[in-house]
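Student: I have this structure open and I'd like to learn how to read it. Could you walk me through a few features?

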Amino acid sequence: MEISALLTSAGINISICIVLLSLYSILRKQPANYCVYFGRRLVCGGARRYDPFWYERFVPSPSWLVKAWETSEDELLAAAGLDAVVFLRMVIFSIRIFFIVAVICIAFVLPVNYYGQPMVHKEIHLESSEVFTIENLKEGSKWLWVHCLALYIITSAACLLLYFEYSTIAKMRLGHITGSASKPSQFTVLIRAIPWSPEQSYSDTLSKFFTNYYSSSYVSHQMVYHNGIIQRLLRDAERMCQTLKHVSPEINCKPSLRPCIFCGGPTATNSFHILSNEADSVKGMELGELTMTTTEQERSAAFVFFKTRYDALVVSEVLQSSNPMLWVTDLAPEPHDVYWKNLNIPYRQLWIRKIATLVGAVAFMFVFLIPVTFIQGLTQLVQLSHAFPFLRGILSKNFINQVITGYLPSVILILFFYAVPPLMMYFSALEGCISRSIRKKSACIKVLYFTIWNVFFVNILSGSVIRQLNVFSSVRDIPAQLARAVPTQAGFFMTYCFTSGWASLACEIMQPMALIWNLVAKVVTKNEDESYETLRFPYHTEIPRLLLFGLLGFTNSVIAPLILPFLLIYFFLAYLIYKNQILNVYITKYESGGQYWPIFHNTTIFSLILTQIIALGFFGLKLSTVASGFTIPLILLTLLFSEYCRQRFAPIFNKNPAQVLIDMDRADEISGKMEELHKKLHNVYSQIPLHSQKSSSKAECSNPFKKQELPDPEKLKPGFEFILLFVYDYRYHLIRD
């Protein structure tokens, strides 16, 4: 690929970024868009609504950049939780390591590559991108020791930074555990695969089992019920509320009553203010009275509460019976984090579901080969024009050639990739994850594998086939074939950095879908409702993108270092934009407690080892035995470092330390808080929420794990009051009957 095509792609994306960021700085000042760009702050009560002066509202300003830069890590931790802090530390790590890599490779490696062979150089914009790669070195060149030394410095710096980051985040996770002493999940164990007995219900079987074997620590339990019908009724009630509350207030009808064709009782036809006496009685119903007692609705899963955190930890880790498929125990997720739908899945089906989703994900990867191969064909139009002469007419026009080969392929690939995260999230839900955070983490891993395979490896393989290079014939040929193929794709990776990096960040801060939806709601449907849709941060899409750019940066560092300045720009923009979005837009309802960091650490180690293998292949191709000999120990040392970190830090992210939990139990017993914590355990895991999700969003942002309370019916809007009480009344009849 020519440098002119890269400059064309860079110019288009820089223009897009400047326009979108300028528009954002203007649109965020418009009062009608506050719910789009300040949804989290408005819900949490942390934003003061005001109308700026007329001329200020239409002038771009960098104030949001200053605010994002000045926000400290402690403020971010208090506002958005540990996962947000860990994610931004991933971005900071990327900035630090690639700043070091860029300084070394741009200052030393790039000049060696450029002047690697005696040749007459053209002007920079007329040069081919391969001139700036390691391919430009002649065989047996003595300058390959520069690449080997740079590889040692990059690996040492990356491992050192990874170690300190892992240590710091591990301490944060321990602080997260000790700082949330009132978490009900620390006293709760989720039991699945309860044995069925025809003589007694699941609840009686569970109570008998834990009373017999854990009589000193067992407190109580709460069964999981099949309540799909009632949940659908609540969802329909919410939708009816959204429709009815927009009815014009000028329509005033006198209330009248007529018999209901289903139950024979009187119903209100023109007013929602008249309620039946039975519905009125539901207002005073306590939460504990709305509990199902029919054994037919019980499922073989339950939440079991224990007296201490240590007791719950022991039960969750111990095998309960000789049959591992029965009495399966796990520490319970937080109430907001429970994925209730999957608790109804029989435990014996989970291994089948995991295999099925794995097969589906792999099949989708192979299907995705079609668009990736087509995209590679666009980048290799010059080679394809020899086989297809009609392409020569298109390529004769310089600007069209630059757009098609430099800009269009990465745009098409990004458009195809929009279907990947929702599908992987669906696969993760089918696996049977018990919590939303585990589901999102599983989707993150799937999207990561899919992205690395299709963007990196498949592009290299398809490009090699089009260029008629030899495909891997044996395992020994893999380093050499990767070394031949990676430099040829350096131009495509740079254009992908422009489109998927820079332009995607600009679209992220603009929130185009939310902006269009808000415009339609305000202009078309005349919706003046003061409610805000709160979003969750998409870790399952942003972490794989961040790691992919890290992989591209490491693998191209000594081979094609021209990509490094563009990656640095992306990471700087990502730090400011993601920080702004976390503070203003996204709300934290549940989190994993920093469990995304091991994914980042392991993928970074994989990127380093892959970089070393590719460099080893190039040193072999260039007939440099000294450089090859020094690279092999580097691979072994990196693997040893990875194993040390896995033994030293990884267990903290998989299990809660017993020492910490015992100290917390003793502190609560001394202070007398244990009895109070036990009283709160009975109603925290409410399977059917008795309130509108929007009415509890303020509690979510102040404390994601705070127990939600039933809203006062007197404060509800008349339309929703009638619908909600109707659903409560239906539930009351279901329980009573």
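Student: Is E73 buried, partly exposed or exposed, and where are the cut-offs?

Tutor: Buried means under 20% relative accessible area, exposed means over 50%, and partly exposed lies in between, using a 1.4 Å probe and protein chains only. E73 has 31% relative accessibility, so E73 counts as partly exposed.

Student: What should I know about the model itself?

Tutor: It's a predicted model, where local features need pLDDT of at least 70, side-chain atom pairs count only at pLDDT 80 or more, and totals for chains, interfaces and linings use all residues. Residues are numbered from 1 along each chain as its sequence is written, and side-chain values use heavy atoms, with hydrogens and water left out.

Student: Which residue forms a salt bridge with E73?

Tutor: Here's the general idea: side chains of opposite charge can pair when their charged atoms come close. The rule used is a side-chain nitrogen of Lys or Arg within 4 Å of a carboxyl oxygen of Asp or Glu. E73 pairs with R89, and their closest N and O atoms are 2.7 Å apart. This pair links distant parts of the chain, 16 residues apart: E73 is in helix 5 (residues 73-80) and R89 is in helix 6 (residues 82-114). Helices here are DSSP runs of H or I with at least four residues, numbered from the N terminus. R89 is buried, at 14% relative accessible area.

Student: How many salt bridges are there by this rule?

Tutor: The count comes to eleven. Another of them joins E643 and R646, at 2.7 Å from N to O. These two are three residues apart in helix 27 (residues 625-648), so about one helical turn separates them. E643 is partly exposed at 35%, and R646 is partly exposed at 48%.

Student: And what about E676 and K680?

Tutor: Their side chains meet in a salt bridge of 3.6 Å, N to O. Both sit in helix 30 (residues 674-680), four residues apart, or about one turn. Salt bridges with shared partners also join E73, R89, R96 and E165 into one network.

Student: How do I read the length and bend of helix 22?

Tutor: The expected span is 1.5 Å times one less than the number of residues. Helix 22 (residues 490-510) has 21 residues and reaches 29 Å between its first and last C-alpha, close to the expected 30 Å. A bend is the angle between axes fitted to the seven residues ending at a residue and the seven starting there. Helix 22 has a kink of about 30 degrees, centred on S504.

Student: Why is helix 22 described as largely enclosed?

Tutor: Because 20 of its 21 residues are buried, the rest of the structure largely encloses helix 22.
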